[in-house]
Amino acid sequence: MKLDQSQRNLLNLLQKDSTLSTQVLAERIGMSPTPCWRRVKELEEAGVIRAYVALVDRHKVGLGTCVWVRVKLKQHSADVLDRFERVVKGCQEVVECYELLGETDCLLKLYLPNLEALSTFMHDFLLKIPEIDVTHSAVALREIKNETALPL
């Protein structure tokens, strides 16, 4: 979908605060409320706006450890990848998973309470997945930047 400037402005505002009313959105982009509401609905119906969510401070809910795990699979077949994906999608600790090109097949991002939880995760979950050949983990020392808004 090709976005015009008013759609980009709406998306930028909504990415920063999705609780803004149609009236406030309209005022901020210089549009009347009804056309503004229609544009937001069009973005929702087109799937550009997938959902409205609350961004939770992970530290305040006890998930202060961020870990990246690189995974190399034993085989490169659709069946192996499908089985791996099903298992990973069902794991709440994995907040992001990407299939990659190169030496690493998949990259997982986890939020955990501490390093002990990482050890438990690795031994009780990840290393029990038969499709996995090798894993490499990296623990974030501190978060420098974490944005949810896309650069439109």
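Lys109 is buried, with a relative accessible area of 9%; buried here means under 20% relative accessible area, exposed means over 50%, and partly exposed covers the range in between (1.4 Å probe, protein chains only). The side chain of Lys109 meets that of Glu96 in a salt bridge, with an N to O distance of 3.5 Å. A salt bridge is taken as a side-chain nitrogen of Lys or Arg within 4 Å of a carboxyl oxygen of Asp or Glu. This pair links distant parts of the chain, with Lys109 in strand S3 (residues 106-112) and Glu96 in strand S2 (residues 94-99), 13 residues apart.

The structure is a predicted model, in which local features need pLDDT of at least 70 and side-chain atom pairs count only at pLDDT 80 or more, while totals for chains, interfaces and linings use all residues. Residues are numbered from 1 along each chain as its sequence is written, and side-chain values use heavy atoms, with hydrogens and water left out.

The protein chain contains 5 helices and 4 strands; these are DSSP runs numbered from the N terminus, with helices (H or I) of at least four residues and strands (E) of at least two. Read from the N terminus, the order of elements is α-α-α-β-α-β-β-α-β. The radius of gyration, taken over C-alpha atoms, is 20 Å, well over the 15 Å that the globule rule gives for 152 residues, so the chain is more spread out than a compact globule. That rule is 2.2 Å times the number of residues to the power 0.38. Along the principal axes, the C-alpha trace spans about 55 × 35 × 25 Å. Buried residues account for 29% of the 152 residues. Of the contacts (heavy atoms within 4.5 Å) between residues at least 6 apart in sequence, 62% join residues at least 24 apart.

Turning to charge, side chains of opposite charge can pair when their charged atoms come close. A search of the whole structure finds 5 salt bridges. One of them joins the side chains of Glu143 and Arg58, at 3.1 Å from N to O. The two residues come from distant parts of the chain, 85 residues apart: Glu143 sits in the segment after strand S4 (132-139), and Arg58 in the loop between H3 and strand S1 (65-73). Glu143 is partly exposed at 42% relative accessibility, whereas Arg58 is buried at 11%.

Another salt bridge brings together the side chains of Glu44 and Lys41, with 3.0 Å from N to O. Both residues belong to helix H3 (residues 33-45) and are 3 residues apart, about one turn of the helix. Glu44 is partly exposed at 22% relative accessibility, and Lys41 is partly exposed at 29%.

Glu99 is exposed, with a relative accessible area of 56%. Leaving aside residues up to four places away in sequence, Glu99 touches Leu81, Asp105 and Cys106. The C-alpha atoms of Glu99 and Glu85 are separated by 9.5 Å, with the two residues 14 apart along the chain.
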